[in-house]
Amino acid sequence: MKPWLLPLLVFFYSHSQAQYAPRALALTDATIIDADHRAPLRHQTILICKGRITEVFPEGTKKLPDTATIINLSGKYVLPGLIDAHVHLATDPSGTDNREHTLNVLKQMLCSGVTAVRDMAGDARVLAGLSRDAQLGEIPAPDICYSALMAGSVFFSDPRTASSTQGGSNGNMPYMQAITGGTDFKLAVAQAKGSGAAGIKLYANLSAGQVNEIMAEARRQHIPVWGHAWLQEAKPSDLVKAGLLSLSHVPLLIREKIPQIPADWKKGTHSPAFWDEATPDLDSLFVLMKAHHTILDATLLTYKDWAGSDSTARWAYETGRRLLARAYRAGVTICAGTDVDQKAFVQAEMEVLVRDAGLSTLDAIIAATRNSACAAGLDSRKGLVKSGMDADLLILSVNPLESIANIKKVFLVIKGGRLYAN
Ligand SMILES: [Zn+2]
């Protein structure tokens, strides 16, 4: 057994943003905080072998393997690695999302404690390569799962669909398909799966009938379906009843009751009472979401950012934060996704969940770990500190339950058993 902490730290200080992968690792005297331990579980040993957590047990109750590298974590806090449920890494791989920029962002993201992301539409040819390299540890990056987009054909005038399909046929790529009256759903879903996508994302301009056809085929072919919370022709409740695993963008839920946002609200400034009044009662939708285990991917941060620079976006943010607070109180499962094109990481969404929507600090941590893992379909491998799970851990030097800001006090990040530090 080797007391490794000192040499490890020396290694890190001399190799900025380096990784180190011991064969067997024992984290001793750790305090674990995750969805299974709402009260911190103190004085635990976590054994890691070949990238997986193999055992978790109270300190000193079992002998450690002779070959294990030991890191004493007395006074430190071990969380599951954070998962951003809504990124876009490859919207424009030839431009803003060029490889050098993306690799730099991914490295920073991983070293901040984000060990997995769900990409919610982009060039899957690029994402497949990044995903492979990240999983093998060939690039310092969170693990990446990504989606295959389906939308009505009018959506494909959006320039982002052209930049994500360069060199191919926009609307006819396995990972980005226009759904029309003539779509063969069996083939469309099979093509989506063949692109390596972990899920199908329904984006815009689809009817409830088309959603049901896609869902039925996706069930047969065992691929989850995610979507925007409103698809113009399909209401939020249509999507919940169809069985989508997650709904993105909390302000879109308002379309359940209000087909058209009143245009006159832009006149003048408004009091909190005005926004309370403007936010409809969606309690029955929340009951439906709970019954169907629909996960809400609120992406509140992106609306807050948008409202900060453009007053016409205020409606979405003010009603969105109120709906999210109500959904939380009603017991809807909430995950954490940013959707800000990596200008900020999921820790910023967690802070907004706490400060603007009233989540407890612990529930914001659960949103960005277990719940984001569920949304991405990764919950059998990620999101908890538990035997059998991937060894994806965020180790903090300060108790995050005392303040959500402490989520940034990173001591060490482990992904797939590899150690990373800034
Ligand atoms: Zn998005």
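**Close-up 1. Helices α5 and α6 are oblique to each other in this predicted model.** Helix α5 covers residues 185–194, and helix α6 covers residues 208–220. Their axes come within 9 Å and cross at roughly 60°. The crossing of α5 and α6 is right-handed.

**Close-up 2. Residues at the contact of α5 with α6.** Helix α5 contributes Phe-185, Lys-186 and Val-189. Helix α6 contributes Glu-213, Ile-214, Glu-217 and Ala-218. By class, 4 of these residues are nonpolar and 3 are charged. No polar residue takes part.

**Close-up 3. Helix α11, end to end.** Helix α11 runs through residues 314–330, 17 residues in total. At 1.5 Å a residue, α11 should span 24 Å. The C-alpha atoms at its ends are 24 Å apart, which agrees. Gly-331 follows α11. The phi of Gly-331 is positive, near 90°.

**Close-up 4. Surroundings of α11.** Of the 17 residues of α11, 12 are buried, so the helix is largely enclosed by the rest of the structure. Among the buried residues are Trp-315, Tyr-317, Leu-323, Leu-324 and Tyr-328. Glu-318, Arg-321 and Arg-322 are buried too.

Methods
Residues are numbered from 1 along each chain as its sequence is written. This is a predicted model: local features need pLDDT of at least 70, side-chain atom pairs count only at pLDDT 80 or more; totals for chains, interfaces and linings use all residues. Helices (H or I, at least four residues) and strands (E, at least two) are DSSP runs, numbered from the N terminus. The expected span of a helix is 1.5 Å times one less than its number of residues. A residue is buried if 20 or more other C-beta atoms lie within 10 Å of its own, exposed if 12 or fewer, and partly exposed in between; C-beta atoms are placed from the backbone. Two residues are in contact if their C-beta atoms, placed from the backbone, lie within 7 Å. Axes are lines fitted to C-alpha atoms, for helices over the stretch in contact, and angles run from 0 to 180 degrees between N-to-C directions. Angles under 35 degrees count as roughly parallel, over 145 as roughly antiparallel, 65 to 115 as roughly perpendicular and the rest as oblique. A crossing is left-handed if the near helix is turned anticlockwise from the far one by less than a right angle, and right-handed if clockwise. Ala, Val, Leu, Ile, Met, Phe, Trp, Tyr, Cys and Pro count as nonpolar, Asp, Glu, Lys and Arg as charged, and the others, Gly among them, as polar.
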